[in-house]
Amino acid sequence: MIQVEHLIKMYGDLTVLRDVNAEIKKGEVISIIGPSGTGKSTFLRCLNLLDAPTDGSIYIDGQDILSAKANVPLLRRKMGMVFQNFNLFEHLSVMGNLTIGPIKLLGRSREVAKARARELLKIVGLAEKENAFPSELSGGQKQRIAIARCLSMEPEIILFDEPTSALDPTMVSEVLSVIRRLAKEGMTMAIVTHEMKFAHDVSSRIFYMDQGVIYEEGTPHEIFTAPRKNLTRTFINRIRSFHFHIANANYDLYALNAEVENFGEKHIFTPSRRNAVLLLVEEVLQLCFSIGDEAIANTGGVDLNLSYSENTDVVEVMLESHASIESVMTRHEPDDGLSKSIIAGLCASTEEIVEAGRRKLTLKLKN
């Protein structure tokens, strides 16, 4: 359906896309992942000609949309786009937002446009909101209306530019559920996303973008489990794990908790799992510093590592310190009893080893 050849996009002297080549087939769901600033959103905007490419070719159904002879408005109608910030018309009701395009651009009658709009509102779960205005909707509801508005133009492919990035974490799942439904129904989609579990579950293929190119592509299993290239491996390892160095007992607990919460939201943990991880981290650190802050500070502090495997659905908490620091799990102190009981209740297993001068305690959270 879409063929991209040697696409280049420059802003002045800055090259954002330097040689992008890609093919998207009918019915595929392509998730585009990668670090910020690597051209993911620019790539989508070039596909839809919201940004004019500097060089290269883009073919839709075999037609070069960059050709002077191309009927760009007609070709662009085949490709809808859903933005980060909804872009709804604030002065129009939900029904007005869904019918203005079909009436003005597709020539539909008001009755036909309204009937189709009501069908789409049922699909996105907001049938009762047809008379509401955007200001009366939550962020998740606005994004679902934006998806319905896109569908009202009967596109053959939908481009999603980080559709959940502007949402409260509690609203992310409702938007992703709608996109999952579209994927099951065979809609061709290209999705720039930071939701890795979603990308893994919904995609036919993954594009990993870095340094202005599609650096690696493959199936979700290939990219998330066995990436071939170094930058991809580095990125995947970074998003799967989280590291926090604690120099002494006066560490910033609020900053740590915020980072742990962030990690859970990124991987779409349930609230109960997020709370379990937070509690486990708090209790194991309390045990650690009950040994004596001075001893830990003098030997370089403690490294906290949090990791999550999508394949096994296992969360691991690892505490790493100097080998001379006393074990927190095997010592017998009366004040440690409650913390150890809480840890035992939260963990499927605990393992403590000394290796290369470091003591490593690994705690696997129960599923």
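Predicted model: local features only at pLDDT ≥ 70, side-chain atom pairs only at ≥ 80, totals over all residues.
Arg-205 itself lies in strand S9 (residues 205–210); helices (H or I, at least four residues) and strands (E, at least two) are DSSP runs, numbered from the N terminus. With a relative accessible area of 16%, Arg-205 is buried, where buried means under 20% relative accessible area, exposed over 50%, and partly exposed in between (1.4 Å probe, protein chains only). The side chain of Arg-205 also makes a polar contact with the side chain of Glu-28, at 2.8 Å. A polar contact is a pair of N or O atoms within 3.5 Å; within protein, one must be able to donate a hydrogen and the other to accept it, and residues adjacent in sequence count only if both atoms are side-chain atoms. Leaving out residues up to four places away in sequence, Arg-205 touches, among others, Ile-24, Val-29, Ile-30, Thr-219 and Pro-220, contact being heavy atoms within 4.5 Å.

Just after H10, Ile-268 takes a positive phi of about 55°. Within H10, Leu-256, Val-260, Phe-263 and Gly-264 are buried. Seen down the axis, the buried residues of H10 fall within an arc of 100°, so they line one face of the helix; the arc is that of the directions from the helix axis to the C-beta atoms. Among the elements covering these residues are helix H9 (230–240) and helix H11 (271–290).

Helix H11 also packs against helix H13 (residues 337–346), at an angle of about 145° and with the axes 9 Å apart. Axes are lines fitted to C-alpha atoms, for helices over the stretch in contact, and angles run from 0 to 180 degrees between N-to-C directions. The residues making this contact include Leu-280, Val-284 and Leu-287 of H11 and Ser-339, Lys-340 and Ile-343 of H13. Leu-287 is buried, with a relative accessible area of 1%. On the H13 side, the buried residues are Ser-339, Lys-340, Ile-343 and Leu-346. They cover an arc of only 130° around the axis, which puts them on the same side of H13. Leu-338 and Ala-344, on the other side of H13, are exposed.

Two loop residues complete the picture. Most residues other than glycine have a negative phi. Glu-154, in the loop between helix H5 (139–151) and strand S7 (157–161), has a positive phi of about 55° and is partly exposed, at 38% relative accessible area. Glu-162, in the loop between S7 and helix H6 (169–184), has a positive phi of about 45° and counts as buried, at 14% relative accessibility.

Note on methods: Residues numbered from 1 in each chain as written. Heavy atoms only, no water.
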